[in-house]
Amino acid sequence: MKLLARALRLCEFVRHESSRRLVAGQGCVEPRRGCCAPIQAVGPRADLPPSGACTTGRIMRPDDANVAGNVHGGTILKMIEEAGAIISTRHCNSQNGERCVAALARVERTDFLSPMCIGEVAHVSAEITYTSKHSVEVQVNVLSENILTGAKKLTNKATLWYVPLSLKNVDKVLEVPPVVYSRQEQEEEGRKRYEAQKLERMETKWRNGDIVQPVLNPEPNTVSYSQSSLIHLVGPSDCTLHGFVHGGVTMKLMDEVAGIVAARHCKTNIVTASVDAINFHDKIRKGFVITISGRMTFTSNKSMEIEVLVDADPVVDSSQKRYRAASAFFTYVSLSQEGRSLPVPQLVPETEDEKKRFEEGKGRYLQMKAKRQGQAEPQP
């Protein structure tokens, strides 16, 4: 109980700081209107079938967090994916027909709006906001609850895309039961989001051919100095009914590697600030060996962007070659022991490829910065 009370007091202090400082990768800004507003229904909730809403939750334990008591971003991403998988699988089996399991295809950009700490309860709510012929869009919100005070805060919002795979034939994608929209505009807006993510997934898949190579005796603050890899043998507990890896398991491993890269670079406590779109290019089967590699691509004054690549190796099947299974960009920030954001050592790109990736990361940083500033401007 003493540990729980201490963790909750620390969490209250961190939350107090985060009300003045946005731990989202670009330093300190004043709170924006609506950033911690109560969750509102997104999409045609009132008109959805019974499978259109899902809520899960559990208390955060010490093994869910880092040494400072902040819950790992990968833990939250895994809970988000589990809720999305439940609601999309339930919906795809809501009509009579061939049974299926929904597989994660993509996670849109996810911002970590507020830290979550040991002893708090995570409430994860998911709802279906759009369906195409072969895919489901799910909106997920995460609330943290301080069980001593009853205070709740919005910590995450995410959009995920799933496809239904037949239980009889994993390579067969089934049709998705349609939903009824309360307004025609909702369907049109959903179709635009669907086309945009489909195009970006294809572009990302084709440009993900390179591999992170180790370098001997790298200099501090270079890409090679902090780059890291993790090798994982896929076991039964990692997999779905199909025998393929849960998307949430992959995301958790990706966040762990990105966190190691960030910690090696700045040598302080670090937390996940945001995750750019995570694209799942291909399925990973039970018994495969996966290599999760991370490298620093860009640093601003207060944030670090890390590219994470997941490669799958079918070691027991000589007929298959190693392939790229997933990729994403993670943004981390450095924190003091009191939870305040710290300056980040500037990355020193050395090769032409590193300089190119640095400029691309800078472009993404400036684009998101402009988007946030536009959202923060008062509406007339």
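A residue is termed buried when its relative accessible area is under 20%, exposed when over 50%, and partly exposed in between, with a 1.4 Å probe and protein chains only. By this definition Asp64, at 5% relative accessibility, counts as buried. The structure is a predicted model, in which local features need pLDDT of at least 70 and side-chain atom pairs count only at pLDDT 80 or more, whereas totals for chains, interfaces and linings use all residues. Residues are numbered from 1 along each chain as its sequence is written, and side-chain values use heavy atoms, with hydrogens and water left out.

**Overall architecture**

- The chain comprises six helices and 13 strands, where helices (H or I, at least four residues) and strands (E, at least two) are DSSP runs numbered from the N terminus.
- Of the 380 residues in the chain, 52% are buried.
- Among contacts (heavy atoms within 4.5 Å) with a separation of 6 or more, 76% are between residues 24 or more positions apart.
- The chain exposes about 18700 Å², of which carbon and sulfur atoms supply 53%; accessible areas come from the Shrake-Rupley method with a 1.4 Å probe, and for residues only the protein chains shown count as cover.

**Nonpolar core**

- A nonpolar core is a set of buried Ala, Val, Leu, Ile, Met, Phe, Trp, Tyr and Cys residues joined through side-chain atoms within 4.5 Å.
- The largest such core has 74 residues, and those with the most contacts inside it are Met254, Ile278, Ile284, Ile292, Met304, Ile306 and Phe330.
- Helix α5 provides the largest share of this core, namely nine residues.
- Because domain 1 (50-194) and domain 2 (206-375) both give residues to this core, it lies between them; the domain bounds come from an automatic or database domain assignment.

**Salt bridges**

- The whole structure contains 17 salt bridges, each defined as a side-chain nitrogen of Lys or Arg within 4 Å of a carboxyl oxygen of Asp or Glu.
- Arg58 and Asp64 meet through their side chains at 2.9 Å, N to O; Arg58 is partly exposed at 26% relative accessibility.
- Glu175 forms a salt bridge with Lys133, with the closest N and O atoms 3.8 Å apart.
- Glu175 lies in the loop between β6 (152-166) and α3, and Lys133 in the loop between β4 (121-131) and β5 (136-145), so this pair ties together parts that are 42 residues apart in sequence.
- Glu175 is exposed, with a relative accessible area of 52%, and Lys133 is likewise exposed at 52%.
- Lys283 and Asp171 form a salt bridge at 3.7 Å, N to O.
- This pair links distant parts of the chain, 112 residues apart: Lys283 is in the loop between β9 (278-280) and β10 (289-299), and Asp171 in the loop between β6 and α3.
- Lys283 is partly exposed at 28%, whereas Asp171 is exposed at 60%.
- A network of salt bridges links Arg106, Glu108 and Glu200.

**Surface patch and backbone**

- Ile59, Ile147 and Leu148 form a nonpolar surface patch with about 260 Å² of accessible area together.
- Patches are made of residues with over 30% relative accessible area and no salt bridge, with like charges joined within 9 Å and nonpolar side chains (Val, Leu, Ile, Met, Phe, Trp, Tyr) within 5 Å.
- Ile59 belongs to strand β1 (residues 53-59) and is partly exposed at 38% relative accessibility.
- Asn221, a residue other than glycine, has a positive phi near 70° and is found in the loop between α3 (184-206) and α4 (223-226).
- Lys267 also has a positive phi, near 55°, in the loop between α5 (247-266) and β8 (269-275).
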